[in-house]
Every structure is written in C-alpha cells, then in structure tokens.
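Please find below a briefing on a single protein chain, prepared for use alongside its sequence and model.

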Amino acid sequence: SQEIRPTMLNNLIRHKAILQLARQAGVPEDPEFQKLLAGSPNADPGEILLQFYTNRLKSSLSISEAEIQDYSNTHAQELAASQTSLSKNSSNPALSFYEIIRMKLEAQKLVDTLHQAISTIPVTINEAKLNSLDLSPRAR
C-alpha cells in the first residue's frame, strides 16, 4: 500500500547507506571479514558486510558507569515496573538491569553514530528507477 512504501523505501536507503559506509571504512579488505565471507558461501555478502560493520562499530563504543547510572536515575519508574514484571514471570531473569541498560545505551549510541555518518553521504536519486521499484510485500 501507499502507506508502507515510504517506510520500506527509507529502510532500503538506510541499508544501502550503511553498506556504503562499510565499504568506505575498508571492511571488504579486512582479513577477518574476508575469512568470515569465505566461511559463509551461501550467505548474502551484503548482510555479512552489514553485520561485520555494525559489530565493529559496537565494539568501538564505550558506555561509562556514569551513563548507566544517569539512565537508571532518569528511568527509575520504568525500570521498577520492568523489575516487578520480571520477578513475576521468572525466578531467574537472564539479564540483569545493568546489562539491559548497557545494551539499550549501546544500541542508541550505534543508531546515533550511524545516523550521523549517513547524514554525510551525498545522495543522488534516479526518479525513473525509484518509480520502477516494486516495494510490495510479494516482491520480497
């Protein structure tokens, strides 16, 4: 439908932009990436490139104890409600709140880093090609 088209198009553009960033960062020449690619002959090389690049970015992010404490203080009510829900549904939660907060902050930093990097990429849109794309669910 027409409502889904902009979202799908934005996702496609974001995906292509991240792949371009990965190439600009030299990921395809990275020996670790080459080894991973060679060991996954049936996988989509673009998806491997995307995962490798985002994992590399994640490993470069640092989350300080102060950031975790600040998040904990700012979201105290939300965390208390989550803790109550977890304690009712599980006697041994898989992740501590500290780990959950760290993961949330890491994900947000990754998104912010990618958005900032993507904003620097010059974009050229081929209107004819864009209009010819079939973005319906059956085309996937």
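The model is predicted: local features need pLDDT of at least 70, side-chain atom pairs count only at pLDDT 80 or more, and totals for chains, interfaces and linings use all residues. Residues are numbered from 1 along each chain as its sequence is written, and side-chain values use heavy atoms, with hydrogens and water left out.

**Overall fold**

- The protein chain contains seven helices and zero strands, where helices (H or I, at least four residues) and strands (E, at least two) are DSSP runs numbered from the N terminus.
- In sequence order, the pattern is α-α-α-α-α-α-α.
- Of the 140 residues in the protein chain, 21% are buried; buried means under 20% relative accessible area, exposed over 50%, and partly exposed in between, with a 1.4 Å probe and protein chains only.
- Among contacts (heavy atoms within 4.5 Å) between residues at least 6 apart in sequence, 73% join residues at least 24 apart.

**Helix H3**

- Helix H3 spans residues 45-60, a run of 16 residues.
- From its first C-alpha to its last, H3 reaches 23 Å, close to the 22 Å expected at 1.5 Å a residue; the expected span is 1.5 Å times one less than the number of residues.
- The N-terminal end of H3 is capped by Asp44, with a side-chain oxygen 3.0 Å from the backbone nitrogen of Gly46.
- That pair is described as a polar contact, namely N or O atoms within 3.5 Å; within protein, one must be able to donate a hydrogen and the other to accept it, and residues adjacent in sequence count only if both atoms are side-chain atoms.
- The buried residues of H3 are Gly46, Ile48, Leu49, Leu50, Phe52, Tyr53, Thr54 and Leu57, and they pack against H1, helix H2 (31-38) and helix H6 (97-118).

**Individual residues**

- Thr54 is located in helix H3 and is buried, with a relative accessible area of 13%.
- The side chain of Thr54 reaches the backbone oxygen of Gln51 at 3.2 Å, and Thr54 touches Leu110 and Leu114, not counting residues up to four places away in sequence.
- Asp30 is found in the loop between H1 and H2 and counts as buried because its relative accessibility is 16%.
- The side chain of Asp30 reaches the backbone nitrogen of Glu32 at 2.7 Å.
- Asp30 also touches Phe52 and Arg56, again not counting residues up to four places away in sequence.
- Arg5, in helix H1, is partly exposed, with a relative accessible area of 24%.
- Arg5 and Asp134 are separated by 129 residues in sequence and by 9.2 Å in space, C-alpha to C-alpha.

**Largest pocket**

- The largest pocket has a volume of about 470 Å³.
- Of the 16 residues lining the largest pocket, Ile13, Lys16, Val123, Thr124 and Ile125 are the closest to its centre.
- A pocket is an open set of points on a 1 Å grid over the protein atoms alone where a 1.4 Å probe fits, with protein on both sides within 12 Å along at least five of seven lines; lining residues have an atom within 4 Å of a point.
- Helix H1 (4-24) and helix H7 (127-132) are the elements that give two or more residues to this lining, and H1 gives the most, with six residues.
- By class, the lining has 11 nonpolar, three polar and two charged residues.

Conventions. Points joined across faces, edges and corners; volume = space filled by probe spheres on them. Nonpolar A, V, L, I, M, F, W, Y, C, P; charged D, E, K, R; others polar.
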